[in-house]
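This report describes the fold, the packing and selected residues of a single protein chain. Please consult the sequence and the model shown below while reading.

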Amino acid sequence: MPLPDAVMADLRTDHAGETGAVWIYRGMLAVSRDQGVRAFAERHLATESEHLERMGELVPPRHRSRLIPLWKVAGFVTGALPALLGPRAAFATVAAVESFVDRHYEDQMARARAADPALADLLARLQGDEVHHRDEAAALGGPVPWPLKAWGWVVERGSELAVAAARRV
């Protein structure tokens with residue numbers, strides 16, 4: 001049974017977001033020499049790659065965002081820039097991104113459940129992984145000073161804009 005347009009639009013944003021997440025961790029790995037950041041990024045890159053694969057199975061190419069190259073670049077910069085500044089910035093960035101992603105998945109859960117309970121179960125599992133990433137990053141990063149809180153706000157607003165764009169394009 002085909003999914004309603006609203007659910008397919010949600011999945012398009014999820015596919016775009018998982019693409020960006022993969023590239024966040026690739027950006028971190030490209031520039032960080034901190035072993036803790038690298039180990040964290042390698043673990044979570046594996047999880048996000050699996051999420052992207054699942055989304056790729058759900059979202060046919062014709063329904064994917066046409067802005068995928070932009071999401072790759074944005075993800076890479078979002079991972080690399082804070083990783084250049086050190087572990088605390090890298091972990092604060094992941095915590096901010098994953099806080100947004102948790103809310104994003106929650107917002108679409110009712111539509112997914114109405115369309116396909118198995119889809120909602122999958123999204124809930126992915127959401128659980130993202131919450132784990134957020135909580136681990138927050139624990140590793142420790143208290144967040146105000147400049148990183150401001151950066152986190154920028155990252156979350158950028159994520160909102162990316163979702164709005166991916167929903168349409």
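## Secondary structure and overall dimensions

Helices, of at least four residues, and strands, of at least two, are taken here as DSSP runs and numbered from the N terminus. The model is predicted. On this basis the protein chain contains six helices and zero strands, and the order of its elements from the N terminus is α-α-α-α-α-α. The radius of gyration is 15 Å, close to the 15 Å that the globule rule gives for 169 residues, so the chain is as compact as a globular protein of that length.

The C-alpha trace spans about 45 × 25 × 25 Å along its principal axes. Among contacts with a separation of 6 or more, 83% join residues 24 or more positions apart.

## Surface and charge

Of the 169 residues in the protein chain, 47% are buried. The accessible surface amounts to about 8,300 Å², and carbon and sulfur atoms account for 63% of this area. The chain carries 20 positive and 22 negative charges, whose mean positions lie 5 Å apart.

In soluble globular proteins, nonpolar side chains tend to be buried together. In the present model the largest nonpolar core comprises 21 residues, and those with the most contacts inside it are Leu11, Met55, Tyr105, Leu119, Leu123 and Leu126. At least two residues of this core come from each of α1 (5–31), α4 (87–115), α5 (117–141) and α6 (146–168). Helix α4 provides the largest share, with eight residues.

Leu11 illustrates the packing: beyond its neighbours within four places in sequence, Leu11 is in contact with Leu3, Met55, Leu58, Val59, Leu119 and Leu123. A second, separate core has 14 residues, including Val22, Val37, Ala83 and Phe91.

Gln108 is located in helix α4. Its relative accessibility is 1%, and Gln108 therefore counts as buried, the cut-off being under 20%. When residues up to four places away in sequence are not counted, Gln108 touches Asp10, Asp14 and Leu123. Leu123 is also one of the residues with the most contacts inside the largest nonpolar core.

Pro82 belongs to helix α3 (residues 68–85) and is likewise buried, with a relative accessible area of 2%. Apart from neighbours within four places in sequence, its contacts are Val77, Ala89, Ala90, Thr93 and Trp151. Pro82 and Ala96 are 14 residues apart in sequence, and their C-alpha atoms are 12 Å apart in space.

Val155, in helix α6, is buried at 8% relative accessibility. Not counting residues up to four places away in sequence, Val155 touches Thr93, Ala96 and Val97. Thr93 is also among the contacts of Pro82.

## A partly exposed loop residue

Pro60 is found in the loop between α2 (35–58) and α3. With a relative accessibility of 27%, Pro60 counts as partly exposed. A separation of 21 Å lies between the C-alpha atoms of Pro60 and Ala114, which are 54 residues apart along the chain.

Definitions and conventions: Residues numbered from 1 in each chain as written. Predicted model: local features only at pLDDT ≥ 70, side-chain atom pairs only at ≥ 80, totals over all residues. Heavy atoms only, no water. Rg over C-alpha atoms; globule rule 2.2 N^0.38 Å. Buried < 20%, exposed > 50% of the residue type's maximum accessible area, 1.4 Å probe, protein only. Contact = heavy atoms within 4.5 Å. Areas by Shrake-Rupley, 256 points an atom, 1.4 Å probe, with all protein chains shown as cover. Lys, Arg positive; Asp, Glu negative; His and termini not counted. Charge placed at Lys NZ, Arg CZ, Asp CG, Glu CD. Core = buried A, V, L, I, M, F, W, Y, C linked by side-chain atoms within 4.5 Å.
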